[in-house]
Amino acid sequence: VVFLQGCDFDCLACHNPYTIAVCNDCGICVAACPSGALTIQDGSVRFDAARCDGGDGCLAICPHDSTPKASWRSVGSLVAELRGPAPFVSGITVSGGEATRQAPFLAALFETLAADAELGRLSRFIDSNGDADIHVWRALEHVLDGAMIDLKALDEGVHRALTGRSNGRVLRSIENLAERGLLSEVRLLLIPGFNDDAGTLGRTARWLRSVAPDIAVKLIGFRRHGVRPAAAAFTEPSADVMAAAAAVLRGEGCRVTGVV
Ligand code: SF4
Ligand code: SF4
């Protein structure tokens, strides 16, 4: 899995909020690093993994939802790194952050992988929040095996409350990818009190069935681990709540392939 830094959503329930913003080199975390792994060179923060103690103090202190550990990469250097594990994996998934925010890089990476004699056999998937224009998917589809899309909420108001953004492009992405045979899975986030009532789940299931009748649906329960203070008081769904939600989806004909 390749994780790209930066996301256009600001999800209350985000488990790795340090992936939301691209580092602005403010330097605040450098002074807080206990091991000298962070320095500023030519106005940019540099990270020395060999000196890092892994305590993540930099992530805790960053006021911008970012990390000094991300690095700018060329397609060539990333492909060279992927050659190491390639014999042991069946494919590459690009995730985030939000991978489609760097669509030109993504297209260049996948085209390079597809054309490579050794790496061309690897599958190429994208793990996305779905908030991408149709032309972004069109520009990728010649080298894309499929996309897994998160649907935080079918209801526009709930979606805005959870992510800060409309779900319009998410719904269009799901429709478009399904039409093109490139929708691999839809992940539904379940947060008690927001989107777990039977009416909401039933509407979501019926919409999904109308768009992609046999699509694999994974139900993901909210967990507090890693979230910011705004979501610390949210309720985690119990196993019974998850099972009941899965039963509603299945009752509407959804193919629920995972409940986590
Ligand atoms: S996790 Fe961050 S703060 Fe801690 S040693 Fe590594 S770079 Fe420094
Ligand atoms: S990771 Fe955060 S605190 Fe550190 S330099 Fe970047 S923006 Fe500033």
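A residue counts as near a molecule if one of its heavy atoms lies within 4 Å of it. The legends below describe close-up views of a predicted model.

**View 1. The surroundings of ligand 1.** Ligand 1 is surrounded by 13 residues. The closest of them are Cys33, Cys52, Asp53, Asp56 and Cys58. Sorted by class, this shell around ligand 1 holds seven nonpolar, three polar and three charged residues.

**View 2. Ligand 2 in its cavity.** The largest cavity is the space that ligand 2 takes. There are 13 residues around ligand 2, and Cys23, Asn24, Cys26, Cys29 and Cys62 come nearest. The shell around ligand 2 is made up of eight nonpolar residues, four polar ones and one charged.

View 3. Ser66 belongs to the loop that runs between α2 (57–61) and α3 (75–82). Its relative accessibility is 2%, so Ser66 counts as buried; the cut-off for buried is under 20%. From the side chain of Ser66 to the backbone nitrogen of Cys23 the distance is 3.0 Å. When neighbours within four places in sequence are left aside, Ser66 touches Gln5, Tyr18, Ala21, Val22, Cys23 and Leu59.

**View 4. Ala243 in helix α9.** Ala243 lies in helix α9, which covers residues 239–251. Val259 is 16 residues away from Ala243 in sequence, and the C-alpha atoms of Ala243 and Val259 are 7.8 Å apart in space.

Key
Residues numbered from 1 in each chain as written. Chains lettered and ligands numbered in written order. Predicted model: local features only at pLDDT ≥ 70, side-chain atom pairs only at ≥ 80, totals over all residues. Heavy atoms only, no water. 1 Å grid on protein atoms, 1.4 Å probe; cavity = no way out; pocket = protein on both sides within 12 Å on 5 of 7 lines; lining within 4 Å. Sits in = over half its atoms within 2 Å of the grid points. Nonpolar A, V, L, I, M, F, W, Y, C, P; charged D, E, K, R; others polar. Helix = DSSP H or I, 4+ residues; strand = E, 2+ residues; numbered from the N terminus. Buried < 20%, exposed > 50% of the residue type's maximum accessible area, 1.4 Å probe, protein only. Polar contact = N/O pair within 3.5 Å; in protein donor to acceptor, adjacent residues only side chain to side chain. Contact = heavy atoms within 4.5 Å.
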